[in-house]
Amino acid sequence: MNTPPVKRIAIFGSTGSIGTQALEVIAAHPDLLSVEVLTANNNDTLLVQQARAYRPNIVVIGDDAKFTKVRDALADTDIKVFAGDQALAEVAAMDVYDLMLAAIVGYAGLKPTLTAIQHGKAIALANKETLVVAGDIVMQTALEKRVPVIPVDSEHSAIFQCLVGEQRNPIEKVILTASGGPFLGRKTNYLVNVKREHALQHPNWNMGAKISVDSATLMNKGLEMIEAKWLFNLRPDQIQVLIHPQSVVHSMVQFEDGSIKAQMGLPDMKLPIQYALAFPNRLSNNWPRCDFKKFNTLNFDEPDYRTFRNLTLAIEALKKGGNLPCVLNAANEIAVWAFLKNRLGFLEMTDVIEQTMQKVSWIEKPSIEEYYEADGEARLYASEFAKL
């Protein structure tokens with residue numbers, strides 16, 4: 001029996017929550033997976049630590065001002081060091097890796113991911129904003145280049161797993177589950193006083209600051225609906241969201257015969273990360289297993305659209321399409337940044353997003369350049385509405 005070749009992994013966004021967990025997965029399977037590229041935006045200290053531990057071929061620090069510090073810290077190694085946004089795109093195009101784990105948070109992940117696809121690289125996609133912003137162009141390019149895009153988000157990984165072996169069976173609908181976040185059941189009179197530290201306390205998942213806030217506002221689920229449309233070629237009316245506080249059922253697929261498949265497991269992001277990195281194989285591990293004796297009740301409820309209006313705005317963008325999801329995402333990134341800096345209230349984030357969506361001109365079928373322009377315009381308006 002031939003031993004499969006080692007799969008070379010490039011982790012774009014290695015110092016974030018997904019990136020650090022991915023390194024744990026790779027470390028557990030050195031005979032199957034290796035680290036070739038590590039990138040970080042500005043966490044130079046952790047990037048250097050990771051580089052010394054995993055000895056990649058290349059590291060990139062997004063912040064140009066930290067290039068010298070990273071280069072000098074790795075001067076006694078043969079690791080190549082680059083810096084800046086342009087370097088991210090250039091490294092993405094290099095033939096030094098087999099699969100990119102696209103884990104850069106937000107809009108910043110779009111260019112390197114699209115570049116990797118254009119150069120025929122397989123993608124493990126943890127950056128949902130890439131498809132929210134320009135899903136039509138990204139997925140069309142992946143189709144033309146015959147590049148697999150394997151989702152890492154737990155919900156989309158669940159759908160992907162449910163669809164294995166079902167290529168000829170049409171989907172009736174997909175059901176994305178949401179924990180409800182830390183404010184499940186709360187109303188606006190409570191949310192008006194919510195602060196950063198409250199929003200970051202997710203009940204089930206260990207996530208970075210931005211995605212934790214998105215989960216608390218339910219914007220995360222709206223972005224996932226848009227991502228699901230592009231990943232699985234769905235109409236908006238084929239995508240449903242249900243609140244599932246236990247986070248055991250990660251999502252479901254209903255087929256045209258009425259049968260439903262669900263993918264289940266404990267809320268641990270290492271599971272979908274490992275599945276995406278090793279696909280089509282499943283690798284053994286010693287992580288905790290789901291004990292159904294401890295889950296004698298699983299609840300499923302409709303979201304509270306009136307209180308969590310971000311989800312309603314995302315559905316509006318999903319249905320209208322064009323550049324509106326791009327505008328929604330840009331405004332949300334500005335609003336979340338302002339909230340995390342204590343410069344915007346929890347409920348005010350929704351107002352900023354809504355005003356921005358109304359202000360930016362709608363384009364039905366944007367080019368990639370028009371997506372970039374819409375993103376920039378939306379950020380300017382959102383900053384103005386947020387009084388930044």
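Student: How many residues of domain 2 are in contact with domain 3?

Tutor: In this predicted model, 27 residues of domain 2 are in contact with 21 residues of domain 3, contact being heavy atoms within 4.5 Å. Local features need pLDDT of at least 70 and side-chain atom pairs pLDDT 80 or more, while totals for chains, interfaces and linings use all residues. Residues are numbered from 1 along each chain as its sequence is written, and side-chain values use heavy atoms, with hydrogens and water left out.

Student: And what area is buried between domain 2 and domain 3?

Tutor: About 2000 Å², with carbon and sulfur atoms giving 71%; buried area is the accessible area (1.4 Å probe) that two parts lose on being put together, summed over both. On the domain 2 side, Arg196, Leu313 and Lys320 lose the most area to domain 3, together 28% of what that side buries.

Student: Where do the domain bounds lie?

Tutor: The assignment, which is automatic or from a database, gives domain 1 as 7–151, domain 2 as 163–266 + 291–320 and domain 3 as 321–387.

Student: Switching to the open sheet of four strands, what is its order?

Tutor: The order is β9-β8-β10-β11, with mixed pairing, where strands are DSSP runs of E, at least two residues long, numbered from the N terminus, and two strands pair if DSSP finds at least two bridges between them. The edge strands, each pairing on one side only, are β9 (239–243) and β11 (260–264).

Student: In which sense do β8 and β9 pair?

Tutor: Strand β8 (residues 171–178) pairs with β9 in the parallel sense over five bridges, and Ala178 has Ile243 of β9 as its bridge partner.
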